[in-house]
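We will go from one selection to the next.

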Amino acid sequence: MLVGRRILVPRPDGPLAEALRATGAEVDAVPLTEQAPLPFDLPGAPDPVDWLVLTSATGVTALVAAGHALNDLARRTAAVGQATAAAIEAAGGRVDLVADGDAAALVGALPEGPGTVLTPGSQLAAPTLADGLSARGWRVHRVATYTTRPLPAAPAELVEAWPTYDAVVLTAGSVARAVADLLGEPSGHTRVVTLGAPSAAAARAAGLPVHATAASPDADGVLAALVDALQEPA
């Protein structure tokens with residue numbers, strides 16, 4: 001399906017890159033960002049909140065690294081995506097609800113408030129989750145536990161190869177900004193694919209074109225978006 005196409009995935013090698021390679025694409029998985037923990041305090045109420053909502057495996061790691069037992073933080077735990085749910089379970093936590101998709105999908109999956117919700121995660125996360133839950137009657141504690149920043153520089157071989165890629169997959173707004181900062185504008189024939197509307201908005205704000213947006217954040221959604229983007233004339 002993507003036989004012979006050269007695809008850049010600016011993140012660590014993993015299931016997404018492997019799924020694209022299985023279609024015959026030549027995939028380079030090269031991270032251009034790094035996660036950095038932030039000092040943080042969680043709400044000090046004597047009782048746990050009603051829901052702990054986690055949107056990424058990195059968010060899970062940040063809590064565990066700070067010494068928090070996930071099951072002690074809330075009466076119930078919700079996750080965005082199967083990868084986040086798997087990280088929670090690997091850390092010894094329980095998962096009461098999984099919403100496949102994005103933060104907006106989880107807002108719709110949770111019942112209406114009142115009650116309290118703890119949403120620890122990226123400092124750079126869009127307010128979609130907190131605003132959506134607040135609108136549904138929940139009191140939301142939003143806590144930044146880590147941030148994502150561009151690497152000081154891109155590998156020299158990647159900078160040299162950048163004009164030769166048929167497509168690049170931007171998996172987050174921070175990745176889009178890193179590509180713009182470290183690699184610059186793509187060549188005219190390079191198609192830009194994003195995961196979700198927030199990533200697309202971040203890419204455009206960074207001056208990058210967006211040729212397709214994946215309908216779902218899994219490999220199937222990315223593959224379909226790549227096929228659509230690569231069918232566009234250069």
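Select Arg6 and Asp28. Their side chains form a salt bridge, 3.2 Å from N to O. Arg6 belongs to strand S1 and Asp28 to strand S2 (residues 26-29), so the pair ties together parts 22 residues apart in sequence. Arg6 is partly exposed, at 26% relative accessibility. Asp28 is also partly exposed, with a relative accessible area of 26%. Keep in mind that this is a predicted model.

Next, pick Arg5 and Asp166. Here the closest N and O atoms of the salt bridge are 3.8 Å apart. Arg5 sits in the segment before S1, and Asp166 in the loop between helix H6 (156-161) and S9, so this pair links distant parts of the chain, 161 residues apart. Buried or exposed: which is Asp166? Asp166 is buried, because its relative accessible area of 15% is under the 20% cut-off. Arg5 counts as partly exposed at 31%.

Move to Asp96 and Arg94. This salt bridge has its closest N and O atoms 3.5 Å apart. Asp96 is partly exposed at 41% relative accessibility, and Arg94 is partly exposed at 28%.

Now select Asp13, Glu18 and Arg21. A network of salt bridges links these three. The structure holds seven salt bridges.

Finish on helix H9, residues 219-231. Color its buried residues, among them Val222, Leu223, Leu226 and Leu230. What covers the buried residues of H9? The cover includes strand S1 (6-9), helix H1 (15-21) and strands S9 (167-170), S10 (191-195) and S11 (212-214).

Technical notes: Residues are numbered from 1 along each chain as its sequence is written. This is a predicted model: local features need pLDDT of at least 70, side-chain atom pairs count only at pLDDT 80 or more; totals for chains, interfaces and linings use all residues. Side-chain values use heavy atoms; hydrogens and water are left out. Buried means under 20% relative accessible area, exposed over 50%, partly exposed in between (1.4 Å probe, protein chains only). Helices (H or I, at least four residues) and strands (E, at least two) are DSSP runs, numbered from the N terminus. Contact means heavy atoms within 4.5 Å. A salt bridge is a side-chain nitrogen of Lys or Arg within 4 Å of a carboxyl oxygen of Asp or Glu.
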